[in-house]
Amino acid sequence: MTQATVSVSVPSRGSVLAVFQKYGVYFAIVLLLAYNLVATPNFFAIDNFRTQFVQVVPVLIVALGMALVIGTEGIDLSVGAVMALAAAVIPLYVGYGLVPTLLIAILVGAVIGALNGSMVAFIGVQPIVATLAVMVAGRGLALLIANEQLKSVTNPQILALGRDSVLGVPYSVLIAAVLVGAVAILVNRTTFGKQLIAIGGSRRAAELAGLPVKRILLLVYVLAAALAAVAGVIGTARLGASVPSTLGNLIELSAITAVVVGGTPLSGGQVKVLGTLAGALLLQFISATLIKHNVPDAYSQVAQAIIILVAVYIQRGKARVK
Amino acid sequence: MTTTFEPAAGPATDSQVGRERLASLLQSYGAAIVLVILLIVGSIAFPTFATGSNFSNILTQSSFLLIVGAGMTFVILTGGIDLSVGSVFALGGVLAAYGSSFGLLGALLFPLVVCGAIGALQGFLIAHAGMAPFIVTLAGLLGVRGLVLATTDGGSATPLITDPVVVALGQGQVLGIHWPVLIAIVVIVLGSVLLARTRGGQSVYAVGGSESASTLMGLPVARVKFTVYVLSGLCAGLAGALNAAYSSSGVPTVGVGLELNAISAVVIGGTLLVGGRGNLVGTVAGVLLLSVIQNLINQVGSLSSSVQAVVSGAFLAIVVIIQTVLSRTQRL
């Protein structure tokens, strides 16, 4: 299990229920897949799974960063705007090749993350308002940079990032897998990970224990924004165009949902990386299932809302302990 | 809350007390002060700004957000948040349009009952099932927008309002002031009285200040939390209905992102997101400030929408930074 917790003891209410609480999101995925095996023709085709995984990549990468932020009892609403900013700078630097473009986009993300992090860590602004302001201004800035225009991206390397595969696995999925592993190691195997969880558990205690709270918080927001920038590059590569007006719109909500459905409480102090992966996949499979059964968008949204509530309700025993 | 202790300082000097009182005043009335400054600057800079028709326009544009913001203030005062108001606003408008075929009563009752029920459902999940407000109302944002689409053929149908009485509710004027503005004023006054003068209002502050202390004092914490989400649902539904009457149609796509505007206005108005402190006067100032900034940006004329976004985002950041700094200098 890739999860780190701060001494959370689940009150014993029967071991079956406890197990269900702990692994609820995985059960939900298995149930959904079992349903599709029976009821949806071709759902288990390799091509379909490849499509599902490719589609989940941007939300998943954004959700990884979001999980870190939420672990510190924060929230980052600006991730969608960061994706748009990353998309907006791509056409400006695409001439220098893939790696420089990618680096510039990540740098832009990191700068925005540093802005969020400074407001939260050093000035003490509440994360939701600080990142809301950056979300509004960031999207505007992205549109300014792009001259409010959509630009097609023709660089073959960048297009390959969105479209090509190695041994049948798309590059974007590979990158996401590496990032999941990296963030899991960061959270579970490094001092930094333990420190960020400690801050989420109790900022005051972390300060008294002499942790560099402000520096850690700053770094967490920088990481979240850098990950969002990577998602922005991949999203742009997939579209074959820089679309700062719509790329990443409302992705903050999907990412937060994936994190929470995956078992990371909004009250901080825990980060579940595999859970976040499972949460993102569950949301993706739900919408794919509803689409394949021609459920109108309206009911699909209602169904998603209900599933989120049920998933969080089942897990609430854990979150309340804190 | 950050409390700063100065162990060896002894009794506070007059100048310290004065400074703290000033900081406290600035935090509570900072938005109002900035608003006055902007009004003065705007009047000098733009001849078309300080006109009766422009002010009337600003007020009418603000009235819907004022009503939504009033409900949001109650929720945030308890330390909660309501992300569903934008979707509930749209649902209120669509239902008002459908209900208008039964006259004024239908146009108001239909949205109020349904939106109040949605608020009650969310309030139940938050207050009694112990779920996080952010998640419950996030699901509300998603689910209620789904309901809006479901009742409008996937968003392609726009029910029209033909009943002249209902249209007059949105477009009619008394002494040059649109009805939605008057209703918003009534909502704000009622809400302020409720908050300041009643036991329930004081409980709202107490729950936001410290939930565990409120429980120990024997306050009905769950009932208070439940009630504020019902109020927020009612306010969002009412604002949506009035907006529909104003535009004589229930447009299913309105209200996207409205929750963020409402939260910004409440926070700019000096209400703390952690709950327990703030008031509706601040929210009024916050809403008017957002509208006046928008109006001033429009007065400049040549600014593109992306520049407008950058300006309003930067402005929001500056306001919350100033407020955070001010609230930290106080001894609470």
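1. Helix 4 of chain A sits well inside this predicted model: 13 of its 15 residues are buried, so the helix is largely enclosed by the rest of the structure. Buried here means 20 or more other C-beta atoms within 10 Å of the residue's own, exposed means 12 or fewer, and partly exposed is in between, with C-beta atoms placed from the backbone. Helices are DSSP runs of H or I with at least four residues, strands are runs of E with at least two, and both are numbered from the N terminus. The length works out too: at 1.5 Å a residue, the 15 residues (79-93) of helix 4 of chain A should span 21 Å, and the end C-alpha atoms are 21 Å apart, which agrees. The expected span is 1.5 Å times one less than the number of residues.

2. Some housekeeping before going on. Residues are numbered from 1 along each chain as its sequence is written, while chains are lettered from A and ligands numbered from 1 in the order in which they are written. As this is a predicted model, local features need pLDDT of at least 70 and side-chain atom pairs count only at pLDDT 80 or more, whereas totals for chains, interfaces and linings use all residues.

3. Which residues does A:Gly80 touch, leaving aside its neighbours within four places in sequence? They are A:Met135, A:Gly248, A:Asn249, A:Leu250, A:Ile251 and A:Glu252, where a contact means C-beta atoms, placed from the backbone, within 7 Å. A:Gly80 is in helix 4 of chain A and is buried, with 28 other C-beta atoms within 10 Å. A:Val183, 103 residues away along the chain from A:Gly80, is 20 Å from it, C-alpha to C-alpha.

4. Helix 6 of chain A (127-145) is another enclosed one: 16 of its 19 residues are buried, so the rest of the structure largely encloses it. From first C-alpha to last, helix 6 of chain A reaches 26 Å, close to the 27 Å expected at 1.5 Å a residue. A:Gln126 counts as partly exposed, with 19 C-beta neighbours inside 10 Å. A:Gln126 and A:Ile75 are 51 residues apart in sequence, yet their C-alpha atoms are 9.0 Å apart.

5. On the annotation: an unreviewed UniProt entry lists several spans of chain A as "transmembrane region", including 128-146 and 166-187. UniProt positions are given in the numbering used here, feature names are shortened, and annotations may be inferred rather than shown by experiment. In the model, residues 128-146 of chain A are 95% helix and 0% strand, with end C-alpha atoms 27 Å apart. Residues 166-187 of chain A are 77% helix and 14% strand, and the ends of that span are 28 Å apart, C-alpha to C-alpha.

6. How do the chains meet? 39 residues of chain A are in contact with 38 residues of chain B. Helix 5 (98-123), helix 6, helix 12 (251-261) and helix 14 (297-321) of chain A each supply at least two residues of the chain A side, and helix 14 of chain A gives the largest share, 14 residues. By class, that side has 28 nonpolar, 6 polar and 5 charged residues. Nonpolar covers Ala, Val, Leu, Ile, Met, Phe, Trp, Tyr, Cys and Pro; charged covers Asp, Glu, Lys and Arg; the others, Gly among them, are polar.

7. Chain B has 13 helices and 2 strands. For its 332 residues a compact globule would have a radius of gyration near 20 Å, and chain B has 21 Å, which agrees; the radius is taken over C-alpha atoms, and the globule rule is 2.2 Å times the number of residues to the power 0.38. Buried residues make up 52% of chain B. B:Leu175, in the loop between strand 1 (173-174) and strand 2 (177-178) of chain B, has a positive phi of about 55° although it is not a glycine.

8. Last, confidence: pLDDT is the predictor's own, per residue, from 0 to 100. Chain A averages 86, with 92% of the residues scoring at least 70. pLDDT stays under 50 over residues 1-11 of chain A, and is also below 50 over residues 318-322 of chain A. Where pLDDT is low, the predicted coordinates should not be read in detail.

Methods. Two residues are in contact if their C-beta atoms, placed from the backbone, lie within 7 Å.
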